[in-house]
Amino acid sequence: LLNENKSCIATHMEPKWRGDFFGIWQTESPIPEVFEIPMHGTAMFLMKKEFFPRFSDNFMGFAGEEGYIHEKVRNNGGKVYCHSALGWVHRFLRSKPVTYRLYVEDKIYNYLIAFYEIGKNPKQVINFFSKTHPEPVINTARNQALAVYPDLLEKFSNLTDTPDIAS
């Protein structure tokens, strides 16, 4: 990931919660030419088409895809790498407002769907967002996800795979 000056600002993301997102940008130092990573942003990635596991048809709005697609690749026996010769610029600063849906309910819903589909406990999503968002927001997202996967909160309830929360 490069900034607008084309300087490297991140090589991967660590699977941790911060703000309203799962995934914290990190930089490997020194940067190897090719190395395995846990996750990355999905604005640019490469894969042979026949191995692409697809994003969930159940996603809506924005968020939830980082880490999700990488875990689907690993669940299918693949690996995720960073190649340092391949760079892309993320426009964190925008001159115009976003033109897509950007609702926290969608974000929470997508994380619930993503965690369910990759075999992680969706309750950790609810636990995380409940610390910073009102109950009606959480309930809206949870109810939408339960309409897709009625066993959402039970299927993986025995898992304790709670990622760190960064400050």
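Predicted model: local features only at pLDDT ≥ 70, side-chain atom pairs only at ≥ 80, totals over all residues.
Reply: Before we place any residue, note that helices (H or I, at least four residues) and strands (E, at least two) are DSSP runs, numbered from the N terminus.

Me: Is Ser56 buried or exposed?

Reply: The reading rests on a cut-off, since buried means under 20% relative accessible area. Ser56 has 10% relative accessibility and therefore counts as buried.

Me: Which residues is Ser56 in contact with, leaving aside its neighbours within four places in sequence?

Reply: The contacts of Ser56, with those neighbours set aside, are Tyr68, Ile113 and Glu117. With Glu117 there is also a polar contact of 2.9 Å, which joins the two side chains.

Me: How should I read a helix such as α1, and which of its residues are buried?

Reply: In general, an α-helix has 3.6 residues a turn, so residues three or four places apart point the same way. In this model α1 is mostly covered, with six of its eight residues buried, namely Tyr68, Ile69, His70, Glu71, Lys72 and Val73. These buried residues pack against α2, and just after α1 the backbone at Gly77 takes a positive phi of about 90 degrees.

Me: How many residues does α2 have, and what does it reach from its first C-alpha to its last?

Reply: Helix α2 covers residues 104–118, which is 15 residues, and its end-to-end C-alpha reach of 21 Å is close to the 21 Å expected at 1.5 Å a residue.

Me: What does Leu112 touch, not counting residues up to four places away in sequence?

Reply: Leu112, whose place is in helix α2, counts as buried because its relative accessibility is 0%. Beyond those excluded residues, Leu112 touches Pro122, Val125, Ile126, Ala141, Arg142, Ala145 and Leu152. By contrast, 30 Å separates the C-alpha atom of Leu112 from that of Leu2, 110 residues apart along the chain.

Me: Turning to the largest pocket, how much space lies in it?

Reply: The largest pocket holds about 650 Å³ of space. It is lined by 29 residues, of which Phe45, Tyr81, Cys82, His83 and Leu86 are the closest to its centre. The elements giving two or more residues to this lining are α1 (68–75) and β4 (81–83), and the lining residues divide into 19 nonpolar, nine polar and one charged.

How values were computed: Residues numbered from 1 in each chain as written. Heavy atoms only, no water. 1 Å grid on protein atoms, 1.4 Å probe; cavity = no way out; pocket = protein on both sides within 12 Å on 5 of 7 lines; lining within 4 Å. Points joined across faces, edges and corners; volume = space filled by probe spheres on them. Nonpolar A, V, L, I, M, F, W, Y, C, P; charged D, E, K, R; others polar. Expected span 1.5 Å × (residues − 1). Buried < 20%, exposed > 50% of the residue type's maximum accessible area, 1.4 Å probe, protein only. Contact = heavy atoms within 4.5 Å. Polar contact = N/O pair within 3.5 Å; in protein donor to acceptor, adjacent residues only side chain to side chain.
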